[in-house]
Amino acid sequence: RARQGTGELCRRGEVAHGWLCQSSGYGLDDGETNMNTQQQLARWQHGVRAISLALGLLLGLAACAPAEEPAAANTAGAADTQVYEWKMITTWPKNLPGLGAAPERLAERLRIMSNGRLDIKVYGAGELVGALEVFDAVSQGTAQMGHGAAYYWRGKNPAAAMFATVPFGMNAQEMNGWLRYGGGLELWQELYGKFNLVPFAAGNSGVQMAGWFNKEINSIDDLQGLKMRIPGIGGAVLSRAGGVPVVLPGGEIFTALQTGVIDATEWVGPYNDLAFSLHTAAKYYYYPGWHEPGPTLEAFVNKDAWEALPPDLQAMIEVATQAINEDMLSEFTARNNAALDTLINEHGVQLRRLPDDVIAALRASSKEVVAEIAEADPLAKRIYESYMAYLEDVRRYHSISEQAYMNLRESAD
């Protein structure tokens, strides 16, 4: 009979039980039984010693393993508590309502989300570098982060301005859709990657005002030779229509308008324009904001600094910039109307609509200028084609949704 687990045979009178052959009590005399019992006991003692040795070896190995795990845990713990001290430079005056408040709020939210691990000090325009030097300073590593608007960097690549706004183009809601789900962000990252930067949408004012003028605009002739502060593609369109665009940072606008260096200016809308006291330098306030229908403001991070961050802090920046992007639009939406009432009813500002022929001329010039962006280089062409294709699709749908509802709502009055 085979001995279980051994491959040996039990002798006559033995029964296999587990690993041992035990006497059945039949066919063996007492001497044989005692001898077999002693042999079995010896085998059992030998087995116990082998098992004890194996257990000792396993326990020894187990005792060694935890010695390495705490070291790894300590390393991870050290990485989790590392503090990254950054500078964020902006194109806006320090603490300007809306535009200037956004980077401050962004830094504060990141400080809280990271439990102090990402500590960002915000500098207003001119405190560390000039307003129009922010892009290059972050690209070169002078600061780790910047906040501004892509149309200020049109000289780097004409298509850069399309990530801020395009005259007669997409509004804030549509820009968010293109950037997040229409391929816009990937193109933006590709363009800014050439300058060692990682971009994020981080604010939007909604449709802006056409601007402040020190004389009435009754026809396209009134734009001829008009010196107006207006950056980006809008400035190129004004030039094509006969005006003279001037690029100035926000902090220099009031003095330039007040002293006659410029004849007109656009800035943002009632909420920010009131804070700048632009109504004391020009009395005609025109709409609609053909040049900036939904300007996306941006945060951008030095690529080396970005790659040095752990994944959780990178994710926090992505989430916090999205929150600030929505927060700014909500703030302007909530505050613009009250500010406009103040301008008109308390300061006597004259609100005017641009004449239809002026708008038509600007629209025609805009089509030419925007189409020329595609000629800059292959990447600019891809950005232009992506933007225009998305605009056509979203405009078609919004004609029966957003626009149709707005028309419906207005008709009820």
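1. A residue is called buried here at under 20% relative accessible area, exposed at over 50%, and partly exposed in between (1.4 Å probe, protein chains only). By that definition, 45% of the 413 residues of the protein count as buried.

2. The model is predicted: local features need pLDDT of at least 70, side-chain atom pairs count only at pLDDT 80 or more, and totals for chains, interfaces and linings use all residues. Numbering runs from 1 along each chain as its sequence is written, and side-chain values use heavy atoms, with hydrogens and water left out.

3. The protein contains 14 helices and 13 strands. These are DSSP runs, numbered from the N terminus: helices are H or I with at least four residues, strands E with at least two. With a contact defined as heavy atoms within 4.5 Å, residues 24 or more positions apart supply 74% of the contacts with a separation of 6 or more.

4. An open sheet is built from six strands in the order S9-S8-S10-S7-S11-S13, with mixed pairing. Two strands pair if DSSP finds at least two bridges between them. At the edges are strand S9 (244-246) and strand S13 (350-353), each of which pairs on one side only.

5. Strand S11 (residues 284-287) and S13 run parallel and are joined by four bridges. Within this part of the sheet, Tyr286 stands opposite Arg352 in S13.

6. The accessible surface of the protein comes to about 20300 Å², and carbon and sulfur atoms account for 54% of that area. Accessible areas come from the Shrake-Rupley method with a 1.4 Å probe; for residues, only the protein chains shown count as cover.

7. A nonpolar surface patch consists of Tyr287, Ile344 and Leu351, which together have about 220 Å² of accessible area. Patches are made of residues with over 30% relative accessible area and no salt bridge; like charges are joined within 9 Å, nonpolar side chains (Val, Leu, Ile, Met, Phe, Trp, Tyr) within 5 Å. Tyr287 belongs to strand S11 and counts as partly exposed because its relative accessibility is 34%.

8. There are 18 salt bridges in the structure. The criterion is a side-chain nitrogen of Lys or Arg within 4 Å of a carboxyl oxygen of Asp or Glu.

9. Lys94 is partly exposed at 36% relative accessibility, as is Glu104 with a relative accessible area of 24%.

10. Asp327 and Arg109 also meet through their side chains in a salt bridge (3.8 Å, N to O). This pair links distant parts of the chain, with Asp327 in helix H11 (residues 311-345) and Arg109 in helix H3, 218 residues apart. Asp327 is partly exposed at 21% relative accessibility, and Arg109 is partly exposed at 33%.

11. A further salt bridge is formed by the side chains of Arg240 and Glu372 (3.0 Å, N to O). Here the link is between helix H7 (residues 232-240), which holds Arg240, and helix H12 (residues 356-373), which holds Glu372; the two residues are 132 residues apart. Arg240 is partly exposed, with a relative accessible area of 37%, and Glu372 is partly exposed at 37% relative accessibility.

12. Salt bridges with shared partners connect Arg105, Arg109, Asp327, Glu331 and Arg335 into one network.
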